[in-house]
Amino acid sequence: MIYNIYIFNKDGTCIYNEDWNKKKQSQNQSEDQKLLFGMLYSLKAFITSSSPKKIDDKTGFHCYKTSTYKLHYYETLSCIKFIIMSDPNVPDLRDDLKKIYSQIFVEYVIKNPIYKPGTTVKCDTFINQLNLYLKQMPSFSS
């Protein structure tokens with residue numbers, strides 16, 4: 001089951017998020033977004049500094065799992081971060097995050113002449129296509 005998605009710009013600002021199957025609602029969504037970004041920043045720095053080898057995009061951090069959720073992570077070359085939080089039993093969604101970026105985000109946000117890079121995403125076409133893509137996935141509501 002997929003709980004939510006977050007998209008952060010290179011400055012750490014959440015430019016899009018949506019919740020679907022989340023049972024516990026946040027009291028302060030802005031604070032939660034800052035905590036999530038800070039945790040990811042720290043986790044990536046720790047992994048990079050503690051690894052005995054140089055870490056690249058294929059072998060670097062892309063998910064972690066707890067007893068209650070699994071966090072799936074993809075960062076683009078332009079430092080846009082895509083995060084999906086799901087049930088711990090959902091398989092790795094890295095390829096799905098790459099598709100969301102290349103086939104939905106780039107097509108409906110980046111190529112949109114009205115969109116100002118780094119700002120909140122409010123494009124209805126993007127939101128509709130993202131929802132269509134995620135809701136057709138077997139792990140969306142399983």
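Reply: A residue is called buried under 20% relative accessible area, exposed over 50%, and partly exposed in between, with a 1.4 Å probe and protein chains only. By this rule, buried residues make up 40% of the 142 residues in the protein chain. The model is predicted: local features need pLDDT of at least 70, side-chain atom pairs count only at pLDDT 80 or more, and totals for chains, interfaces and linings use all residues. Residues are numbered from 1 along each chain as its sequence is written, and side-chain values use heavy atoms, without hydrogens and water.

Me: What makes up the secondary structure of the protein chain?

Reply: The protein chain has three helices and five strands, and from the N terminus on their order is β-β-α-β-β-β-α-α. These elements are DSSP runs numbered from the N terminus (helices: H or I, at least four residues; strands: E, at least two).

Me: Why is the protein chain called as compact as a globular protein of its length?

Reply: Its radius of gyration is 15 Å, close to the 14 Å that the globule rule gives for 142 residues, so the chain is as compact as a globular protein of that length. The radius is taken over C-alpha atoms, and the rule is 2.2 Å times the number of residues to the power 0.38. Along its principal axes, the C-alpha trace spans about 45 × 35 × 30 Å.

Me: What makes up the largest nonpolar core, and which residues have the most contacts inside it?

Reply: This core has 26 residues, and Ile100, Phe105, Phe126 and Leu134 have the most contacts inside it. At least two residues each come from strand S1 (2-8), strand S2 (14-19), strand S5 (81-86), helix H2 (94-110) and helix H3 (124-136). H2 gives the most, with five residues. Another core, of twelve residues, lies apart from it and includes Tyr6, Cys14, Leu36 and Phe61. A nonpolar core is a set of buried Ala, Val, Leu, Ile, Met, Phe, Trp, Tyr and Cys residues joined through side-chain atoms within 4.5 Å.

Me: Which residues does Phe105 touch, not counting residues up to four places away in sequence?

Reply: With that exclusion, Phe105 touches Ile7, Ile15, Ile80, Phe82, Ile100, Ile110, Val121 and Phe126. To touch is to be in contact (heavy atoms within 4.5 Å).

Me: Why is Ser139 called buried?

Reply: Ser139 has a relative accessible area of 10%, and the limit is under 20%, so it counts as buried. Ser139 lies in the segment after H3. Leaving out residues up to four places away in sequence, it touches Met1, Ile2, Val90 and Leu93.

Me: How do you know that Gly60 is buried or exposed?

Reply: At 10% relative accessibility, Gly60 falls under the 20% limit and therefore counts as buried. Gly60 is in the loop between helix H1 (29-50) and strand S3 (63-65). Gly60 and Thr48 are twelve residues apart in sequence and 8.1 Å apart in space, C-alpha to C-alpha.

Me: Why are Thr13 and Cys79 called partly exposed?

Reply: Thr13, in the loop between S1 and S2, has a relative accessible area of 41%. Cys79, in the loop between strand S4 (70-75) and S5, has 31% relative accessibility. Each value lies between 20% and 50%, so Thr13 and Cys79 are partly exposed.

Me: What is the phi of Cys79?

Reply: Cys79 has a positive phi of about 65° although it is not a glycine. Most residues other than glycine have a negative phi.
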